[in-house]
Amino acid sequence: MRHSNISTFLKENVSDQYAFFWEAYTGTCTVKKAAPRRLSPYRRFYQEEVDSKPPYLVFRINKKRYYAPLRRNPVLHRAFCGLSDNAGIVKFASAYGLLGFSSAPVKNNRGRRSDGLMLIESLQRWRREIAEMRSLVHLWELVLNKRSSLLSALLEWEKDGLYIIVNRKKELVLSADLPMAQKWRGQEGQYYEPVTYYINEYISRKVGAHVYPRILPGYKKKVYFFPTDLLSAMWLMFLWEVIGEVRPRQCPGCRIWFNPRRSTRKTCGDRCRKKMSRINLSKRKEHI
Ligand SMILES: [Zn+2]
């Protein structure tokens, strides 16, 4: 990567635990039922079956720029979970870039690299990733909101260990022979530790080989997490939410997710604060 001054660049993009920058583009992002003619997604070694299936998200790029997702919006994973239709996905990809599981750039069928101005990712894979993260975030919200009876109903002890039911599937949380299992078994109704443990394990499996420990030039004596793509970075953001590093809040005025600097802050900014006070005032007047 070219940058005039690498240490300035790192200063801008490195935080306490992580270092990550990602590509966002200006150009046109569209949904296509088939891959553009003579172009097919370039296979990466970890690509999955679904990645070569249409429909596709196709990005014709005019300009590329780098940004630091974990800094610019550390609760981006919440916005990602809220995506419900193609228009939302296109808007998200235009603002934050592609997820990074597929290939960039695409190859034409002579095997030569295209001019690097087109990127392509499977929309089905996007939808699957959104649904997957959403179900885990939903589970975490049950913990946040202390829905103990609902959570107890999801957890189940069997002879070989503790199980959890997520998306109608039963998964092993912890094997009975591990020391933690005895502790949890003795505490009836204990859900916080088992569920956060399950979420943590899930995220570790999910990011797998996509987060590296790294030493950075000029940053000796410290190891950083270095996600390789946006999807892994968002799973890490989720983990930071679980440890309380970020506390996502949805603005009642515009529905965007933000990380309030002060816990008393309810809206994303002045404009929404004023909008909400106007709405609340008129509601109060209606009641009089
Ligand atoms: Zn707002």
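**Contacts, core and loops in a predicted chain**

User: Which residues is Leu 57 in contact with, leaving aside its neighbours within four places in sequence?

Analyst: Leu 57 is in contact with Cys 29, Val 31, Ile 89, Ala 93, Ile 120, Glu 121, Leu 123 and Trp 126. Two residues are in contact if their C-beta atoms, placed from the backbone, lie within 7 Å. This is a predicted model, in which local features need pLDDT of at least 70 and side-chain atom pairs count only at pLDDT 80 or more, while totals for chains, interfaces and linings use all residues. Residues are numbered from 1 along each chain as its sequence is written.

User: What share of the contacts with a separation of 6 or more is made by residues 24 or more positions apart?

Analyst: Such residues account for 64% of those contacts in the chain.

User: How many helices and strands does the chain have, and what makes a stretch count as one?

Analyst: The chain has ten helices and twelve strands.

User: Why is Val 14 called buried?

Analyst: Buried means that 20 or more other C-beta atoms lie within 10 Å of the residue's own; 12 or fewer makes it exposed, and in between it is partly exposed, with C-beta atoms placed from the backbone. Val 14 has 21 such neighbours, so it counts as buried. It sits in the loop between α1 (6–13) and β1 (22–32). Its C-alpha atom is 8.5 Å from that of Arg 71, 57 residues apart along the chain. Over the chain of 288 residues, 28% count as buried.

User: How do you know whether Leu 83 is buried or exposed?

Analyst: Leu 83 has 21 other C-beta atoms within 10 Å, so it is buried. The residue lies in the loop between α3 (76–81) and α4 (86–96). Not counting residues up to four places away in sequence, Leu 83 touches Gly 88, Ile 89, Phe 92 and Ile 130.

User: What makes a set of residues a nonpolar core, and which members of the largest one touch the most others?

Analyst: A core is a set of buried Ala, Val, Leu, Ile, Met, Phe, Trp, Tyr and Cys residues joined through C-beta atoms within 7 Å. The largest one has 58 residues, and Leu 57 and Met 234 touch the most other members. Helix α9 (residues 230–242) gives the most to this core, with nine residues.

User: Why are α8 and α9 called roughly antiparallel?

Analyst: Angles run from 0 to 180 degrees between N-to-C directions, with axes fitted to C-alpha atoms over the stretch in contact. Under 35 degrees is roughly parallel, over 145 roughly antiparallel, 65 to 115 roughly perpendicular, and the rest oblique. Helix α8 (residues 192–207) and α9 pack at about 160°, with their axes 10 Å apart. The pair is therefore roughly antiparallel. The residues making the contact include Ile 199 and Ile 203 of α8 and Trp 235 and Leu 239 of α9.

User: What makes Asn 167 and Arg 168 count as exposed?

Analyst: Asn 167 has 11 other C-beta atoms within 10 Å, so it is exposed. Arg 168 has 5, so it is exposed too. Asn 167 is in the loop between β7 (161–166) and β8 (169–175), and Arg 168 is in the loop between β7 and β8 as well.

User: What is noted about the phi of Asn 167 and of Arg 168?

Analyst: Most residues other than glycine have a negative phi. Asn 167, not a glycine, has a positive phi of about 55°. Arg 168, also not a glycine, has a positive phi of about 60°.

Note on methods. Helices (H or I, at least four residues) and strands (E, at least two) are DSSP runs, numbered from the N terminus.
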